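Please find below some notes for a colleague who has asked for a careful reading of this structure. They are set out as numbered points, with cut-offs given where a term is first used.

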Amino acid sequence: MAYDPANIFARILRGEAPCIKVCETEQSLAFMDVMPQTDGHVLVMPKEPAASIYDVSHAALAACMQTVKTVAAAVQAALQPDGLLIAQLNGEAAGQTVGHLHVHLIPRWSGVALRPHASAPADPAQLEALAQRIREALR
Ligand code: 5GP
């Protein structure tokens, strides 16, 4: 997948499109997925413009994964899921729909099914309330 600077996550990083931010570092951004597969579905991306695992630098990926670990602990503390699914998709055949590398953090509760991938937009107020709980756990 070639990198398209007009992709939605590049636009979010440039401040051209909105997002509900969870936390930001010099090299990464964590934000709520607008079509969450479960409540509390967070995305973490490096700021480096890389479409996939094949393109990203080791340094940018390492920084991104540090944020993944920090946010994972905050999601666990804030939402108390039974499990946490962490996924990263490369290429359309793997299900990737946005061509800027990102990592999914998807809380799982026993007996609660995943909603379909990238399908139904959530209520922005509900996303903001979940983000606020996760942000508080980051403090
Ligand atoms: P992928 O299929 O590329 O691994 O995942 C892309 C994710 O981005 C999906 O889970 C989808 O719901 C989410 N997504 C798509 N468009 C937007 C958007 O404009 N803002 C946010 N925050 N998430 C988005």
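1. Contact is taken here to mean heavy atoms within 4.5 Å. By that criterion, and leaving aside neighbours within four places in sequence, isoleucine 134 is in contact with Val22, Met32, Gly40, Val42, Ala74, Val75, Ala78 and Leu79.

2. On provenance, this is a predicted model, in which local features need pLDDT of at least 70 and side-chain atom pairs count only at pLDDT 80 or more, while totals for chains, interfaces and linings use all residues. Residues are numbered from 1 along each chain as its sequence is written, and side-chain values use heavy atoms, with hydrogens and water left out.

3. Helices (H or I, at least four residues) and strands (E, at least two) are DSSP runs, numbered from the N terminus, and two strands pair if DSSP finds at least two bridges between them. On this basis E2 and E3 are antiparallel and joined by 5 bridges, with methionine 32 having valine 42 as its bridge partner in E3. E3 also pairs with E5 in the antiparallel sense, over 3 bridges; here valine 44 is partnered by valine 103 of E5, and leucine 43 by histidine 104 of E5. Strand E4 (residues 83-87) runs antiparallel to E5, to which 5 bridges join it, and the partner of leucine 84 in E5 is proline 107.

4. How covered is strand E3? Taking buried as under 20% relative accessible area, exposed as over 50% and partly exposed as in between (1.4 Å probe, protein chains only), E3 is mostly covered, with 5 of its 5 residues buried. Val42, Val44 and Pro46 point one way from this strand, Leu43 and Met45 point the other way, and all are buried. Strand E5 (residues 103-108) is likewise mostly covered, with 5 of its 6 residues buried.

5. Valine 44, in strand E3 (residues 42-46), deserves a separate entry. Valine 44 counts as buried because its relative accessible area is 0%. Not counting residues up to four places away in sequence, valine 44 touches Leu29, Ala30, Cys64, Thr67, Val68, His102, Val103 and Leu105. Its C-alpha atom is separated by 13 Å from that of alanine 10, which lies 34 residues away along the chain.

6. A nonpolar core is a set of buried Ala, Val, Leu, Ile, Met, Phe, Trp, Tyr and Cys residues joined through side-chain atoms within 4.5 Å. The largest such core has 21 residues, and Met32, Val42, Leu105 and Ile134 are those with the most contacts inside it. At least two residues of this core come from each of strand E1 (21-24), strand E2 (28-32), E3, helix H2 (58-79), E5 and helix H3 (124-138). The largest share, 8 residues, is supplied by H2. A second, separate core of 8 residues includes Ile12, Phe31, Leu43 and Met45.

7. For the pocket, the search uses a 1 Å grid over the protein atoms alone, and a pocket is an open set of points where a 1.4 Å probe fits, with protein on both sides within 12 Å along at least five of seven lines; lining residues have an atom within 4 Å of a point. About 320 Å³ of space lies in the largest pocket. Its lining has 20 residues, of which Phe9, Asp33, Val34, Met35 and Leu43 are the closest to its centre. Helix H1 (8-13) and E2 are the elements that give two or more residues to this lining, and H1 gives the most, with 3 residues.

8. The loop between H2 and E4 holds both glutamine 80 and proline 81. Beyond residues up to four places away in sequence, proline 81 touches Val75, Gln76, Pro107, Arg108 and Trp109. The C-alpha atoms of proline 81 and aspartate 39, which are 42 residues apart along the chain, are separated by 9.7 Å.

9. Most residues other than glycine have a negative phi. Glutamine 80, however, has a positive phi, near 50°, and alanine 118 also has a positive phi, near 50°. Alanine 118 is in the loop between E5 and H3 and is partly exposed, with a relative accessible area of 35%.

How values were computed
Points joined across faces, edges and corners; volume = space filled by probe spheres on them.
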